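Welcome, and please keep your viewer at hand.

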Amino acid sequence: MSEETKEEQVSEIVEPEVAEVTTDGAAVAEPESPHKGFFGKVDKFFGITKSGSKYRTEIVAGVTTFMAMVYILMVNAGMFQFVIGGEDPYGAAYIATAIGAIVGTLLMAFLAKMPLAQASGMGVNAFIVYTLVLGGTGLSYANCMVFTLLDGVIFLILTATGLRQKIFNAIPAGVRHAIPVGIGLFIAFIGMQNAGIIVDEGSTLVTFVSFNVLAKGFSFAHIIAPLVAILGVIAIAVMSKKNVKGAILWGILGSAALYFILMGLACIGNAQATVDGAAMSYDLYKEALIANPDAFKDAAVTLNSPAYARSIFDAISISNPFDAFAAWGKDSVGVVFYEGFDFSKYLGVEGNNAGTLVVLLLTTALSLCMIDMFDTIGTLYGACAKGNLLDENGTPIRMNRMMLSDAVATCVGAVAGTSTVTTFVESSSGVAAGGKTGFTALVTALCFLVAMFLSPIAQLIPSAATATALIWVGVLMMSSVVKVDWTDAGEAIVAFLTFITMVLGYSISHGIGIGILAYIIVQLCTGKVKTISIATWIIGALFLATFILT
């Protein structure tokens, strides 16, 4: 019997019609639902009573999961607003992210019937925004949605044909263990940059922000963002240690409140603007700028601390929540089809041609798929183990259905305009709260549906606050570093090159490629060429072509 056949059988073990059997062979009566009518049918469909759970428990678990992962709406929108374009890129990205989360989580609820939730994965979003679009490749946001769609299609094919496990096994252990570490460090680094903790100054390229109050030109307002981010991530750690539900969300909201309080304090004083060396009041400068914008077009304007703080508040506005839907409809949804296959900008970059484009398509889609696959498999095993949702072999029940849910959600997300949709590790919080069925996922999806109409409020969250989530996720993903066998020099160098390239090379895909190529070289030089699988050779050849040709 094939592994996939076994998996399909496992996926059905908790269907309502399957009777339990005692050790002496006698059938055990299925627990009767205490609910009648509609609620009784819902209970039977999801198997709430049969699983030993209750409506109240499932609802609490669903809300808990939502609270733990709702930050992705703000963080993902904060990233993609730099690449989407249009009048309201943040709103467009916010709606696209929400739709990806809603569809993915509903698939978990009705197809897999598992208490897990999905949304745009951390790490992949950074890869698309900062490496592919802003990294000087010539690729557009729409082009990257094509890669994301290909990722989903490949994932669907691999899951349906059973090749998923073979691809997974083809990736060296050192690379598999280093990928989450590298992604964690990468997104934490981005968070520190967004908050101004790490700045590009001097010959070192990266420098820790100066808090020196005695330095010439010191401005209290300019250290508020890094200060808030540092305090915010520490607050998340403290709340997590105390098992506070939704620690990341509370950390973001608390950091946002602290940010505006400190900015308010910074407003106190005689706000001045220095225009070409001449000082004028901030109010006069603002009035003059409104009256004649061109007058200050080429002027060197420097705002001191109070004036800078006041400019932050002046930029705040509350928009109609339906404006975000309009922006999404215009700039995000379907862009994969009507703009995504236009690679003229990429081909216009010197050295790029049709051949390099084909290699880029293959390696990028493969990288996205591998990242998605590793992230999903690891999350499913971890979350299901916490809720005792494993079969007798230690495999998550309905594994195939969950992987299909992930693949379909990624395809839908690409059409909606967001990066790879994957199962969130924060789902473990809902499972820990007692969630055992798909009804938990349904509650989470409904919460995301409500949150979809709150984009104007979410847009008020400053980057200093969302950076706390990025840094904290980096902390969580560092745990995989202990899985590397550091006593084995071969595995150690493969793992190290993988994650150090991701961080310092500012590219997740390059990190994976370097790691696989390093593994092949190590095995060749140590006489273990037979341990290199055909699939590993193929993947290594694709990455080698990427480095040589692109």
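**Stop one: helix 20**

Start by selecting residues 438–451, which form helix 20, and pick out Thr 440 within it; helices here are DSSP runs (H or I, at least four residues), numbered from the N terminus. This is a predicted model, in which local features need pLDDT of at least 70 and side-chain atom pairs count only at pLDDT 80 or more, while totals for chains, interfaces and linings use all residues. Residues are numbered from 1 along each chain as its sequence is written, and side-chain values use heavy atoms, with hydrogens and water left out.

Is Thr 440 buried or exposed? Its relative accessibility is 0%, so Thr 440 counts as buried (under 20% relative accessible area is buried, over 50% exposed, in between partly exposed; 1.4 Å probe, protein chains only). Now show what Thr 440 touches: setting aside residues up to four places away in sequence, these are Glu 58, Ala 61, Gly 62, Pro 115 and Gly 435 (contact means heavy atoms within 4.5 Å).

Stay in helix 20 and click on Leu 449. With a relative accessible area of 37%, Leu 449 is partly exposed.

**Stop two: helix 14**

Next, select residues 321–331, helix 14, and go to Asp 331. Asp 331 counts as buried because its relative accessibility is 16%. Which residues is Asp 331 in contact with, leaving aside neighbours within four places in sequence? Display Ile 84, Gly 85, Gly 86, Glu 87 and Tyr 141 to see them. To finish, draw a C-alpha to C-alpha distance between Asp 331 and Gly 85: they are 7.1 Å apart in space and 246 residues apart in sequence.

Conventions
Helix = DSSP H or I, 4+ residues; strand = E, 2+ residues; numbered from the N terminus.
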